[in-house]
Amino acid sequence: MLLYIGLSILNYFPIIRPPVYWLITAFYTALVSLRIIYTGITSFGRCFITKEIHKPECLEIWNSTKWRHRYVRLSSGIRFHYVEDGPENKPMILFIHGFPEFWFSWRHQLVEFSSDYRVVALDQRGYGDTDKPTSVDQYNAKILVNDIAEFINHLGYEKVHLVGHDWGGVIAYGMATLHPDLLSSLTIINAPPTHFFMEEIRTNPVQFLYSWYIFMFQTPIIPELLLQLNNYKSLDKMFFTKALGFTAEEVQAFKWAMSRPGFAGIQWYRAARPYLFYSSNEMAAKVSCPCLVVWGQDDVALIEKLADYGKLVSSDCTVVKLPNCGHFSQQEQPKKVNDAIRTFLERFSEGKSDN
């Protein structure tokens, strides 16, 4: 109740949001710093020693599938890495990942759809084998959206079926707003429209508490240090656990990607800082193409209510909710996610190329 009252006051007096949010950031940063110090003391400093994480074989061959790695340098000067499969004369499905992932998050979908579509999974800027600018302003949402638009044009397609998860879903919503002409369809997996997400953080106590890490990520060094503790062991507990169906080799793949020099996934959150302070319609999603929202109902970062906002931004939106499924739906329950995507795409003419 007290938290609800506090959020109401912040909404009534938006001018006080920045100092209050910085106090919240300081609070969470202090808690995380104490944890880091405690871990350092109890491990006699061993937790700060990082060993080289070798690239696992599954990033070259996974379940008998040999991945086709490609690179392209766009007009920004950033070299992007992507993996592709399927015939080039088929419609394209473009998969874009979220935090703290990379192209490998889409391994199940790449295999599933490669016989009927040209499938492409991209490492977004700051991740995996794509270049990683150091400046925060290089991760502005509009820049990230333009990366996707230019990438589609480079591959020679007029329209694509765009699929995004987490931050990739946020960027996908941005594509629907800023470049609707490039989309045949939009599929969102556990990701909210930016405008509604920020409103929920400001007004909903549950989402506010779920989003504690966003505030903590605003500080320098500490978030990166937390993720690197004990050679990225946090990935075992926070994200890619065996309980969610990840093999040890697959977990190593994500650790390898995060250990790449210059990993900048947290910069995305820092670049989004202004959206925390003030309301903005700049990236408010307006979806004119058919839209599918797939949502794992046990998401511990995003409240389920956010799934239904898809119907507010699109007049042609289907929402599929998956029980007993968490944030990484396309990896936790790949068959159900693949079935939902395939059913959704069946409404489009089979075999008709969008390029």
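How many bridges join strand S7 (residues 160-165) to S8, and how do the two strands run? Six bridges join them, and they run parallel. Welcome to this predicted model.

- Strand S8 covers residues 183-189, and seven of its seven residues are buried, so the strand is largely enclosed by the rest of the structure.
- One of the contacts to look for is Ile189, whose bridge partner in S9 is Val294.

**Cysteines**

- The count of disulfides in this model is zero.
- Cys291 is in no disulfide, and its nearest cysteine sulfur, that of Cys317, is 4.0 Å away.
- Cys291 counts as buried because its relative accessible area is 0%.
- Cys317 is buried as well, because its relative accessibility is 14%, and the cut-off for buried is under 20%.

**Aromatic rings**

- The structure holds 28 aromatic pairs.
- One of them joins Phe208 and Phe215 in a tilted arrangement, with 5.6 Å from centre to centre and 55° between the planes.
- Phe208 and Phe215 are both buried.
- Phe217 and Tyr269 form an edge-to-face pair, because their planes stand at 70°, with the ring centres 5.0 Å apart.
- This pair links distant parts of the chain: Phe217 is in the loop between helix H8 (212-216) and helix H9 (222-232), while Tyr269 is in helix H12 (residues 265-271), 52 residues apart.
- Phe217 and Tyr269 are both buried.
- Phe217 and Tyr269 also belong to one aromatic cluster, whose members include Phe27, Tyr28, Trp167, Trp212 and Trp268.

**Charges over rings**

- Arg79 lies over the face of Tyr71, 4.0 Å from the ring centre.
- Arg107 has its charged end over the ring of Phe104, 4.6 Å from the centre of that ring.

Definitions and conventions: Residues numbered from 1 in each chain as written. Predicted model: local features only at pLDDT ≥ 70, side-chain atom pairs only at ≥ 80, totals over all residues. Heavy atoms only, no water. Disulfide = S-S within 2.5 Å. Buried < 20%, exposed > 50% of the residue type's maximum accessible area, 1.4 Å probe, protein only. Helix = DSSP H or I, 4+ residues; strand = E, 2+ residues; numbered from the N terminus. Pairing = 2+ DSSP bridges. Phe/Tyr/Trp six-rings, centres within 6.5 Å; stacked < 30°, edge-to-face > 60°. Lys NZ or Arg CZ within 6 Å of the ring centre and 35° of its normal.
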